[in-house]
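Please keep the sequence and the model side by side while reading.

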Amino acid sequence: MKMKITILDYLEDIEKKYPQKVAYSELKNEYTFKQITYLSKVVGSNIIKMGKEKTPIMIYMRKSIKCIAAFFGTLYAGGVYCPIDVEMPIERVSHIYNVLNPQVIICDDDLVEQAKRKWGDTCICITIDELLCGFLDIDSIEKVKKEICSLDLMYVLFTSGSTGMPKGVAISHKAAVDFAEWISEKYGFVYSDSLCNQAPLYFDASIPDVLIPAVSGATAYFPPKMYYSFPKKVLAYVEEKKITTLIWVPSALRTVIDCHAFETCVPNSVKRIIFCGEVFPSKYLKEWKKFIPDALYVNMYGPTETTYACTYYDIHEDFDVNENIPLGKACENCKIILLDEKDEETKPNVVGEICVVGDCLSSGYYNDDEKTNNSFGRNPLNKNWYERMYRTGDLAYRDENNILHFVGRKDFQIKKMGYRIELGEIETIINAHEKISTACCLYDPENQKIILLYKGEIGETELKSYIDNSLLQYMRPDKLIKLDQIPLNPNGKIDRVYLKKEYMR
Ligand code: AMP
């Protein structure tokens, strides 16, 4: 049996099995497994021909299935790809450029001139179409591919982090393949399955949509981004394509309910709904279950540093609106340890920091040893040998049944007048109110005030009386601010960095 080292090994196997099956599809274009494999090899051949094999490559493209050819093409050239949000301010892209030091930038046609002006002196800026038009050089592809080891890097994703300064999370082939195999097997993905991509390709929530087709033969559909602003359109698309699986961030699932999208269409092909990235209030889960009761709902948890997810919880019961959905247990081949402030393991029902050990771990922050050493280090519980561990900065506890429950970010835990308070706990209670669509709490330490920002069809007096009845006095927000929209960051999560800047002056 041939050892599988990279996702390309899976892709080539699937291509042999289902050459004519559609692998990636968008409104005006689609690639079968045969086409995506061929095109990726062509892209790889041309990168090698430019003498840029085994280098970091920036993908400066809007979301399209051509990005997948750019990703896999980079891998065929033994390189590491880094997708960029082309809408982010150019200074931020420059920061990423300086950290990544790419040798090639693969661009959309209309972005290549801009890239050349900015970086053309130090790096090759080329369009994806130019790369796709070149020739296939199978010998050089095979030679480079043979030299790839599983610990070589596959991709780098820059995440904003709480400070707002992007850090490049580097993921190895091993970590990605480990995750892709686990999720495909655990949830029984096969060639007749289909996914509907929601997350941007520069965000790790899109990793399953990119990898699962290569492992299982499933098709990943990429509807236009604007469909997600009109959830009725997305649902109609899901129905039309008979999509079986949604792997979305909670805010996308919430919008479907807030916009009453199920009133016009209930896609009954959907049988798995997986969400990850932030808390999904149980109130919204209840609503989804009303319309799609027979699907399997799964709460996954994990920072980008653990390759999409390191825990999962298959939901088989109903939750009360003010209960959080559990994080569940560790994914296969991964260990979750909860550590207290003294680096000792916590007892059941006691909160500790979620620390992760396993192949899912990132190799560290690209070109940043200092930040890497701050978050990745030795597991203090293993006295026998050096075991690498990542400290997530998230808090959780284990119940008597060994099930993990999310408590909040370490930096959401505040001290107010001596009381230790979880802002996440306040949010959960407020989110439980039927007239609240989103609640977000901030803490202003200088003035010792909790600020609640919320969106919902509720008057302030009604909300205040609900808060008085449901929250302990020291947990009650000091200031209530109603917003028409809660701003989301490019990853689709509540943009707390922006809200802090705007509302805590
Ligand atoms: P990112 O690296 O952008 O994917 O963000 C990771 C962070 O999102 C984690 O450290 C958690 O704080 C949060 N997160 C991810 N999944 C969940 C979840 N299922 N429930 C609550 N928070 C989550």
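A polar contact is a pair of N or O atoms within 3.5 Å; within protein, one of the two must be able to donate a hydrogen and the other to accept it, and residues adjacent in sequence count only if both atoms are side-chain atoms. The model is a predicted one, in which local features need pLDDT of at least 70 and side-chain atom pairs count only at pLDDT 80 or more, while totals for chains, interfaces and linings use all residues. Residues are numbered from 1 along each chain as its sequence is written, and side-chain values use heavy atoms, with hydrogens and water left out.

Which residues come nearest to the ligand? Of the 16 residues around the ligand, these are Asn299, Met300, Thr304, Asp394 and Lys493, where a residue counts as near if one of its heavy atoms lies within 4 Å. Strand 13 (296-301) and strand 21 (404-409) each supply at least two residues of this shell, and strand 13 gives the largest share, three residues; strands here are DSSP runs of E with at least two residues, helices runs of H or I with at least four, both numbered from the N terminus.

Turning to the serine, Ser251 lies in helix 11 (residues 250-258) and is buried, at a relative accessible area of 5% (buried means under 20%, exposed over 50%, partly exposed in between, with a 1.4 Å probe and protein chains only). The side chain of Ser251 reaches the backbone oxygen of Gly492 at 2.4 Å. Leaving aside residues up to four places away in sequence, Ser251 touches Glu278, Leu488 and Gly492, contact being heavy atoms within 4.5 Å.

Finally, a search of the whole structure finds zero disulfides, a disulfide being a pair of cysteine sulfur atoms within 2.5 Å. Cys265 is in none, the nearest cysteine sulfur, that of Cys196, being 11 Å away, and Cys265 counts as buried at 8% relative accessibility. The sulfur of Cys440 is 6.8 Å from the closest cysteine sulfur, in Cys441, which is too far for a bond, and Cys440 is buried, with a relative accessible area of 0%.
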